[in-house]
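The following exercises concern contacts between chains and the setting of a single residue. Please work through each task before reading its solution.

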Amino acid sequence: MNAPVKKKLKVATTSLAGCFGCHMSFLDIDERLFTLLEHIEFDRSPLTDIKHCSPDCDIGIIEGGLCNAENVHVLREFRANCKILIALGACAINGGLPAQRNHLPLTTILEEVYHTSPGLANGLIPNDIELPLPLNQVHPIHEVVKIDYFIPGCPPSGDAIWKVLTDLLAGREPELGHGLMHYD
Amino acid sequence: MSTNFMLDGQSIPFEDGQTIIQAATQAGVYIPHLCYHPEFKPHGSCKLCTVKVNGRQTASCTMRASAGMVVENNTEELNAERRALTQMLFVEGNHFCPSCEKSGNCQLQATAYHLGMMSPHYDHFFPNRPVDASHPDVLLDFNRCILCSLCVRASRDVDKKNVFALSGRGIKTHLIVNAASGHLADTNFTIDDKAAKVCPVGVILHKRNGFAVPIGERTYDKAPIGAQVEAVTEGV
Amino acid sequence: MALNEMRAETTAAVVERVVARYRRDPVNMLQILREIQEACDWLSPDVIDLLQAALGVPRTKIEGVAGFYSFLYTQPRGQYRILFSDNITDRMLGNQALIKRLCENLWLEPGKTSEDGLVSIDLTSCTGMCDQGPALLINNRAIPRLTATIIDEIAELVRNWTPLSEWPAAYFAVENNIRQADILLGACMKPGEGLRAARERTPSDGFKSSNMRSWREGLPSGISGPSAMLDEIKRANLRGRGGAGFSTALKWEACRNAQLQPGHERFVVCNADEGEPGTFKDRVLLTTCPDLVIEGMTVAAYTIGAKRGFIYLRGEYRYLLEPLNAVLERRRNEHLLGKDILGIAGGDFDIEIHLGAGAYICGEESALIESLEGKRGTPRNRPPFPVTNGYLDQPTIVNNVETYAAAALIALNGGDWYADIGTRHSAGTKILSVSGDCERPGLYEYPFGVSIRQVLADCGASDTQAVQVSGPSGVCLGVDEFDRRIGFEDIPTAGAFMIFNQSRDMFEVARNFVHFFQHESCGFCTPCRVGTSLLKNLMDKLHNGHGSPYDFAEIENLSQLLQSMSHCGLGHTACNPVLDTIEKFRPAYDKRMEHDQFAPAFDLDRALSEARQMTGRDDAGAHLHAPRTVLGEEA
């Protein structure tokens with residue numbers, strides 16, 4: 001990190017079927033963000049509110065798994081525009097909490113939520129074309145596009161995110177030792 | 001003839017009849033394992049403890065040590081294959097660590113950490129495995145079962161109850177309990193059974209006892225799984 | 001026989017009858033469960049309750065065993081239980097259209113039981129009728145040579161609740177199709193001849209002479225036949241016919257020399273669990289010359305000093321049980337089996353037949369022994385080996401049907417005679433089970449050393465693209481390898497010889513084999529249990545048009561892992577058909593590389609199907625098509 005970098009790396013981030021907890025954790029790298037910003041600039045990200053990826057992003061960081069059609073579109077945009085994709089956190093890596101619906105048929109879930117549950121008498125299943133349709137099952141992102149690196153954790157700690165990013169910036173294979181590596 | 005064998009270049013003494021993993025553990029060398037437990041007859045099914053003996057791969061929990069053996073354990077090749085096995089176990093079941101009571105004390109998780117498993121790599125099977133909450137003191141969450149059969153052996157050999165067994169075949173192999181209803185409550189299982197204490201993952205859980213130890217203070221938060229084997233012999 | 005005629009007998013009476021017949025010994029668990037099911041159609045919770053009480057074993061033990069074997073049912077599967085053989089040869093003969101036809105005829109989905117509890121239709125692994133497929137099993141009885149007409153007739157018989165005993169006998173006729181016989185298939189040895197010859201042998205001198213040991217421990221010395229017999233087997237260079245080719249003499253000698261614990265004895269086991277897809281020679285040997293096989297077992301018992309033997313007969317050959325039991329009974333009457341065989345005091349040896357119940361893994365000798373002991377057929381940790389710690393932890397030899405048949409001939413004609421047949425490293429003959437694309441499928445017995453090309457010519461194969469020798473776990477040979485020869489020094493084989501002409505898609509052949517291994521993995525070890533499923537998913541992914549070079553790399557990594565980490569031969573060889581066909585028939589795979597980049601294994605658009613159904617939407621946004629190539633356009 002000492003050698004000056006000529007051109008800042010473009011980093012895009014997004015949260016798919018996630019809770020933004022991983023993004024919060026990203027902010028937990030605290031004052032090191034300033035150091036990081038000497039080396040990177042944010043492209044599409046909730047932090048910038050840029051809506052679409054530039055075609056020349058270097059790193060895409062994805063939080064959350066795939067639970068609906070829109071998640072798939074966003075993930076594909078990231079894959080198409082980022083040289084390196086990083087799966088950030090448990091949901092991106094194995095579907096996480098949302099994937100715990102996977103043993104139930106989606107039809108059963110929609111029935112239960114919109115038809116059977118009390119409080120929604122005669123409820124209709126939303127069918128506005130603006131709404132993305134849910135997938136039959138929630139999928140980890142590596143099952144749909146090629147993912148280059150993974151940072152496990154729910155959420156991964158700021159230190160773990162910092163470690164992987166600095167390893168990558170330094171051209172090292174990212175590695176998390178004891179304490180940084182956790183799945184919860 | 002000396003009664004030693006070589007393990008990654010280190011001379012390991014052994015007693016007649018000891019397996020490689022027994023001798024290694026005694027000497028403070030950790031060999032990753034899941035279905036092996038020093039108190040029970042080895043099963044040899046998880047294959048995590050596979051080592052190379054004179055160039056041939058074999059499970060170290062079932063292979064007897066013999067003088068002059070040359071054994072490889074902590075090599076990148078073996079660890080990569082062990083990592084793949086843990087990935088297989090993760091995708092075969094439903095392992096959602098953040099919501100698992102065993103997290104931080106789970107051998108599967110700790111072994112995966114030890115082996116540097118950053119992702120499950122394979123496509124998930126997401127099997128449908130209903131939990132059994134029938135027993136007053138114990139919850140069975142089959143989603144996390146890795147078929148190590150430690151509860152089977154503990155119940156059969158120590159408790160003399162045969163509460164658990166494996167049924168099915170192949171990818172449909174699954175744990176069953178000794179009751180016509182299929183419910184643990186209808187067996188003579190109690191929380192004091194040895195079988196209630198041996199699950200390396202989060203299948204056999206004591207009710208009203210979850211998440212008792214805060215994150216940071218759980219078994220494998222404090223030290224990685226390998227270090228714990230090594231620590232046992234440090235004072236010897 | 002389940003239908004109608006047994007209905008008068010209560011479940012309790014059936015259980016009592018069967019349990020009593022098996023001496024209330026849980027070591028016979030598999031046989032007990034199998035026989036009860038024959039009478040009761042399935043193993044109901046009542047049956048398991050009764051068994052638990054009658055045998056004094058926990059129900060976990062019973063359910064563990066019942067759950068392992070494909071042919072044992074703990075859910076009702078109908079009074080007619082139909083299983084279509086699904087080997088690649090059945091597929092090539094059109095079984096899929098027939099399955100569809102029968103399902104439509106009976107208003108049934110494969111894998112389901114009809115609502116009236118009458119019938120179920122499902123698939124099973126190769127039933128050993130590849131020379132006369134497509135074939136099915138109905139309540140464990142084989143019907144080969146299926147046609148659309150027979151299928152329609154079967155549907156009618158089922159609908160009319162016609163008992164199986166009243167079905168046309170011609171349906172159940174299994175042909176032998178012996179096309180070329182040599183010393184085994186053409187043997188005309190009279191029962192007892194080999195045994196008499198063995199008894200009359202005197203030990204030779206010199207280094208090949210084995211240590212003296214008579215039929216069983218404690219017999220007066222002076223009977224020199226057993227060691228002399230072992231010498232003949234040594235001289236014959238007989239090697240196991242199950243495929244691995246282990247020296248029969250070494251195996252017998254190790255068992256013979258194994259120390260006996262007090263109360264222990266030695267056992268002779270015949271492996272007739274002919275499960276390797278494409279193999280059916282043991283069926284024919286046990287049909288046409290059972291005496292030769294049983295005589296070989298008796299010679300082995302004489303040689304190693306055994307009093308008890310087992311034939312482990314695959315469940316698919318259930319129809320051979322009565323004829324084989326009749327042969328055993330006849331031989332007892334002829335003093336060739338039972339007590340004081342040939343009048344030798346203490347020369348006791350008898351054989352029981354145990355039936356398998358649909359588990360390929362039980363062809364592995366230690367899994368077979370577990371199954372004989374009434375357990376789940378899981379391969380044991382080895383060492384120790386069965387020759388010292390086999391059936392009930394006692395010294396046991398397990399040999400293939402064909403090995404015993406050869407041993408009987410060696411007993412009669414001597415080891416030198418046998419060693420002169422075949423090649424230097426592969427003495428004797430080998431029976432090949434020829435099936436697939438040829439004019440004359442059936443059995444061909446050759447001296448070892450015959451070329452693939454010769455076999456193809458003899459069976460009338462033309463335009464051949466490939467031959468799968470020794471089944472899915474064997475080797476797939478392409479045209480440029482047809483001059484290779486059958487023998488341990490070149491192409492070892494258990495006997496399967498499946499022929500594929502140029503019209504066949506070798507990728508689909510490999511995919512069928514991968515499905516077979518996935519279905520038959522015992523589930524004991526992690527790499528095989530999960531790895532065969534992952535491999536199957538990858539092959540299905542390619543089949544479904546989602547393949548990319550990424551998946552190739554995955555297949556190779558999985559193969560490596562299965563080979564190095566698996567517990568037994570099933571896992572070690574499960575990738576062979578894929579690796580062989582990738583190497584030799586690459587275009588069949590290249591055709592499946594429909595994507596340059598990684599693609600998901602599932603169809604994303606279809607993954608929205610339930611949501612579309614529930615919302616009634618069908619607009620563009622309700623679909624997910626393949627990503628467009630223009631960057632950014634997705635959004």
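Predicted model: local features only at pLDDT ≥ 70, side-chain atom pairs only at ≥ 80, totals over all residues.

**Exercise 1.** Describe the contact of chain B with chain C: its residues on each side, the contributing elements of chain B and the classes of residue.

*Solution.* Begin with the counts: 31 residues come from chain C and 28 residues from chain B. Next, assign the chain B side to elements; helix H2 (76–92) and strand S7 (164–167) of chain B each give two or more residues. Of the elements, H2(B) gives the most, with six residues. Finally, the classes on this side of chain B are twelve nonpolar, eleven polar and five charged residues.

**Exercise 2.** Locate C:Thr388 in its chain and decide whether C:Thr388 is buried, partly exposed or exposed.

*Solution.* In chain C, the loop that holds C:Thr388 runs between helix H14 (365–372) and strand S9 (396–400). C:Thr388 has 16 C-beta neighbours inside 10 Å. A buried residue would need 20 or more, and an exposed one 12 or fewer; C:Thr388 is therefore partly exposed.

**Exercise 3.** Which residues does C:Thr388 contact, leaving aside neighbours within four places in sequence, and how far away is C:Lys100?

*Solution.* With those neighbours set aside, C:Thr388 is in contact with C:Ala258 and C:Pro395. C:Lys100 is 288 residues from C:Thr388 in sequence, and their C-alpha atoms are 50 Å apart in space.

Notes. Residues numbered from 1 in each chain as written. Chains lettered and ligands numbered in written order. Helix = DSSP H or I, 4+ residues; strand = E, 2+ residues; numbered from the N terminus. Contact = placed C-beta atoms within 7 Å. Nonpolar A, V, L, I, M, F, W, Y, C, P; charged D, E, K, R; others polar.
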